[in-house]
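Reader: I would like to go through this model by question and answer. Please keep to what can be computed from the atoms or read from a record.

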Amino acid sequence: MDKLPDALLYVNGEMRTAGDNQYFDNINPWTGASCGRAADATAADVEEAIVAARNAFDNTDWSTNHDQRYALVCKFVDVMVTNREKLVQISRLEVGSAIGAAARAQIDGALNGAKDLLECYKQVKWEKDLGIKHEGGFDTKRIVTQEAMGVVGAITPWNVPLYVNVGKVVAALLAGCTVILKPAPDTPLMGSIMGELAIEAGLPAGVFNVITSADPAMAGEMLTTDRRVDLISFTGSTAVGKLIMKNGAESLKRVFLELGGKSAFIVLEDAPNFAQTCMGSMVVFHAGQGCAYPTRLLVPKSRYDEAVGALDMAYKGFAEKWGKFDEPTCIMGPVISKKQQNRVMEYIEIGKNEGARLLAGGNARTDMGGGFFVEPTCFVDCTNDMRIAREEIFGPVLVVIPFEDEEDAIRIANDSDYGLGGAVFGPTDRALAMTKRIRAGALSVNGGTSITGDLPFGGYKQSGMGREWGLEGIEEFLEIKAIGIRAS
Ligand code: NAD
């Protein structure tokens, strides 16, 4: 397997090493070995990035010259598209994506999303005329404007790094903000490469900066507590999201959080192709490392045995189809890290101990080399009060829960601290009516796609606050100003 180039810092328009020249290893999840190095930023490097972003916002016309900015961001997206193959390669080696997941979801999803954002930008209403109001004995002409929020700290996770980086960076730049991107230590190059591409696109110095760091918290905490940073857009775990909200409180920073999930996949008794639909609920794509992945399968008691039989067949049929680096149709590779592998295995033990029945998988596959492989795993006979049904595992683990009737299915779906995604399969009208009662941000009816770059994405409850992508995702980076002009 190939090596990847060094992931460097991108600060004030330049790619460079860390101030003290230190690097950390970029680990390939397929082998557990290093596939490259990443610059290990110091606090002084983060400081420099904040100064550069602040200066580009305060002292250049980046935030006000809409046409010039739009042209440059279009060019930036073009350059990303031209470099698709490079991005796919990073996604395979650094993120551990199987080819079938790397090209389709990881990279094309991000690039298509970027193009969607360029279209959504055209819908932004920078100025609205609210007409004349007679109040207090005189007339006032009123306008409401939208303006860039300022300097954005974008803190991102490792599971779909390009997708999340693009969702924040492209939207924030389009809004006229300047950005400091802090990618996860597990996927530094997918952040750093965006700096290289920004240079190729001709983005002005300072409007976009990237800081890679081995310490998961240092740079993010600096961005969150610094008064010169106006907004934090964070995607990651709910636990770190809560910390960011607390840390941002002192400066009353705008904080937008895209967090974890434990979404439900509901198959109604009279869903067409019942068995096939249940088979499609396997949590295997990208080893289950997706925040909106519906990882709780809810099936009717009346057809429970049939559902379990279908899943048994599906998991047996998939047993030899995962973990293949060079197979173009493969959609499941390793999990990202040893730490994540241990976490998933701990949850599998918890599931066994709390009485769920293991239908498939359940093992870490150390016989497959030094990579972080966990078998596609399915627990049946689960109840919604089990920890494996309540907590986000973020690995290839499906839990199957029987329900009595539609009311019960909605109750179980909503009985969660999370509310990110979900899916209902059944006669369309009833399935649609059910999705409207599920408290989550992105719902699919009969397999429809509810997550694309032109649709708002975000969570209810502890899955977060704010919306990314779509027009709403650009407006998240805007402030609103009301202006009254005395007219008589
Ligand atoms: P994480 O919360 O551990 O880390 C996310 C980012 O926060 C990383 O860049 C990390 O370095 C940084 N960070 C860690 N501690 C910090 C601190 N104290 N202050 C500031 N930043 C800090 O999450 P992860 O393990 O990288 O990613 C997996 C999680 O991300 C899952 O919970 C998943 O559901 C969630 N996720 C959510 C979405 C979404 O849109 N809702 C999308 C992808 C992933």
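This is a predicted model: local features need pLDDT of at least 70, side-chain atom pairs count only at pLDDT 80 or more; totals for chains, interfaces and linings use all residues.

Reader: Which residue has a side-chain N or O atom 2.5 Å from an oxygen atom of the ligand?

Author: Polar contacts are pairs of N or O atoms within 3.5 Å. The side-chain atom at 2.5 Å from a ligand oxygen belongs to Ser237.

Reader: How much of the ligand's exposed area does the protein bury?

Author: The ligand is surrounded by 28 residues, and Lys182, Pro216, Ser237, Leu259 and Glu392 are the closest. Taken alone, the ligand exposes 850 Å². The part of this area that the protein buries is 91%.

Reader: Which element gives the largest share of the shell around the ligand?

Author: At least two shell residues come from each of α7 (218-225), β10 (231-235) and α8 (238-249). The largest share is 3 residues, and its source is α8.

Reader: Which domains each supply at least three residues of the shell?

Author: By class, the shell holds 17 nonpolar, 7 polar and 4 charged residues. At least three of the shell residues are drawn from each of two domains, namely domain 1 (9-259 + 463-484) and domain 2 (263-452).

Reader: Is Glu258 buried or exposed?

Author: An unreviewed UniProt entry lists Glu258 under "active site". In the model, Glu258 lies in strand β11, residues 254-258. Its relative accessibility is 4%, and the cut-off for buried is under 20%. Glu258 therefore counts as buried.

Reader: What is the C-alpha distance between Lys324 and Ile99?

Author: Lys324 sits in the loop between α10 (304-318) and α11 (338-353), and at 35% relative accessibility Lys324 counts as partly exposed. Lys324 and Ile99 are 225 residues apart in sequence. In space, their C-alpha atoms are separated by 8.8 Å.

Reader: Why does Asn273 count as exposed?

Author: Asn273 is in the loop between β12 (263-267) and α9 (274-279), and its phi is positive, near 50°, in a residue other than glycine. Exposed means over 50% relative accessible area. Asn273 counts as exposed because its relative accessibility is 54%.

Reader: What is the relative accessible area of Asn446?

Author: Asn446 lies in the loop between β18 (442-445) and β19 (464-465). Asn446 also has a positive phi, near 50°. Asn446 is partly exposed, and its relative accessible area is 34%.

Key
Residues are numbered from 1 along each chain as its sequence is written. Side-chain values use heavy atoms; hydrogens and water are left out. A residue is near a molecule or strand if one of its heavy atoms lies within 4 Å of it. A polar contact is a pair of N or O atoms within 3.5 Å; within protein, one must be able to donate a hydrogen and the other to accept it, and residues adjacent in sequence count only if both atoms are side-chain atoms. Accessible areas come from the Shrake-Rupley method with a 1.4 Å probe; for residues, only the protein chains shown count as cover. Helices (H or I, at least four residues) and strands (E, at least two) are DSSP runs, numbered from the N terminus. Ala, Val, Leu, Ile, Met, Phe, Trp, Tyr, Cys and Pro count as nonpolar, Asp, Glu, Lys and Arg as charged, and the others, Gly among them, as polar. Domain bounds come from an automatic or database domain assignment. UniProt positions are given in the numbering used here, feature names are shortened, and annotations may be inferred rather than shown by experiment. Buried means under 20% relative accessible area, exposed over 50%, partly exposed in between (1.4 Å probe, protein chains only).
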